[in-house]
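Here's a quick tour of one protein model. Have a look at the picture first, then read on.

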Amino acid sequence: MQTEYISAFDVVVGVLWRFWPVWVALVVVMGVSFAYKKKLGLYGQLFDSGVGIAGVGICLFWLFTAIFASTISPFDPLAQVSIMKDTLPGAIEPTSKLVYYFGGDKLARDVFSRMVYGSQIVLIIAPAATGFALMVGITLGLPAGYYGGKIDTVLSFLANLVLAFPVILLFYLLVTPGIMDTPIPYAMAGLFFLFPIIFFCVLFWTRYKNRPDRLYILLGVTLVVGGWIYAGLVFDKDPLKIVHIDPNQLNIFVAVVFASSPGVFRIVRGLTMDIKTRDYVAAAQTRGESPWYIMLWEILPNARGPLIVDACLRIGYTTILLGTLGYFGLGLAPESPDWGTAIKDASRLLRSFIHPALPPTIALMSFVLGLNLLADSLREQSMKD
């Protein structure tokens, strides 16, 4: 049976139409953001520059793509239709009459659908792992910079020890298949995932210790929600079956947190050593505030600008690392639609078929570009502040 094709113009129009939920969401969110930008703090200030608008727009595009992936994609990312193997963009699937807008790959899967679903994997792992790395780095960096002495010496030595390893080599060691058969990833996950719970418990305790009515509610919510997420991520024992992470994804998650935390630690430590000499910190000490109150409610808020910028850059860097690991076949399952794995699969046939490699490559590049533009705009705003 000969495969039928639509024109290049129809391909472009069809792709744009498939993204209609994304366009609607972008118009609504960007419109509201423009209208109320003066009331939205740092986020609203991003709309004062073209770089900020571009960065927010690109990041929101991929965020909404991940949210509406099931609506945008015409096919299941793992579905195979043998006749569509290595078909060119615009091929019509004979049974459903739906279009392979970006063609088919070597296993007869829809490249467009795989690119769309790949955004879900990237936007779940990269930001979440970066968030946990921030929790670990902040929780350890604040006391190291504030107290100094032996605490600083020990924690700085451990951070420098991790940073001494080449990042790619470190990831190779942590995500190789043999590691998943050992308790190492789960032990590391059990340790790292405690930090957000500890952080928020100490945060609320230092703020509301003289207001037990509010304190006990916040601590109870933190322990219940934190314990629920902890049980689901580390032990896969979520009673509601909502929180779950595959073992290979947990492996990558732990590797990202382990490799990124020392860098965050050094930034927080340096900021803390600088800010603790400010007059408002001395005033808090004079009032008799506890050290952890000063660290969390005086120093940390005034270090948020550089940390937000670093978080944006770190998410982009993590996205590239995920793509690199996928390209080398490490971490995620071979059939995963993540962009790195898709690029690896397509690269083996580049001389014959280039079209399967372009969509995931452009998607990865554009998302990282959006994060970099967002970081540049945030850096400019933090310098103004």
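Of the protein's 385 residues, 50% count as buried, meaning under 20% relative accessible area with a 1.4 Å probe, protein chains only. Keep in mind that this is a predicted model, where local features need pLDDT of at least 70, side-chain atom pairs count only at pLDDT 80 or more, and totals for chains, interfaces and linings use all residues. Residues are numbered from 1 along each chain as its sequence is written, and side-chain values use heavy atoms, leaving out hydrogens and water.

## Contacts

Take the contacts (heavy atoms within 4.5 Å) between residues at least 6 apart in sequence: 72% of them join residues at least 24 apart.

## The largest pocket

A pocket here is an open set of points on a 1 Å grid over the protein atoms alone, where a 1.4 Å probe fits, with protein on both sides within 12 Å along at least five of seven lines; lining residues have an atom within 4 Å of a point. The largest pocket is lined by 19 residues, and Leu140, Leu158, Val162, Phe192 and Phe258 lie nearest its centre. Helices H6 (111–147), H7 (149–163), H10 (184–192) and H13 (247–275) each give two or more residues to that lining. H7 gives the most, with five residues. Helices here are DSSP runs of H or I with at least four residues, numbered from the N terminus.

## The second largest pocket

Among the helices giving two or more residues to its lining are H3 (41–45) and H4 (50–67).
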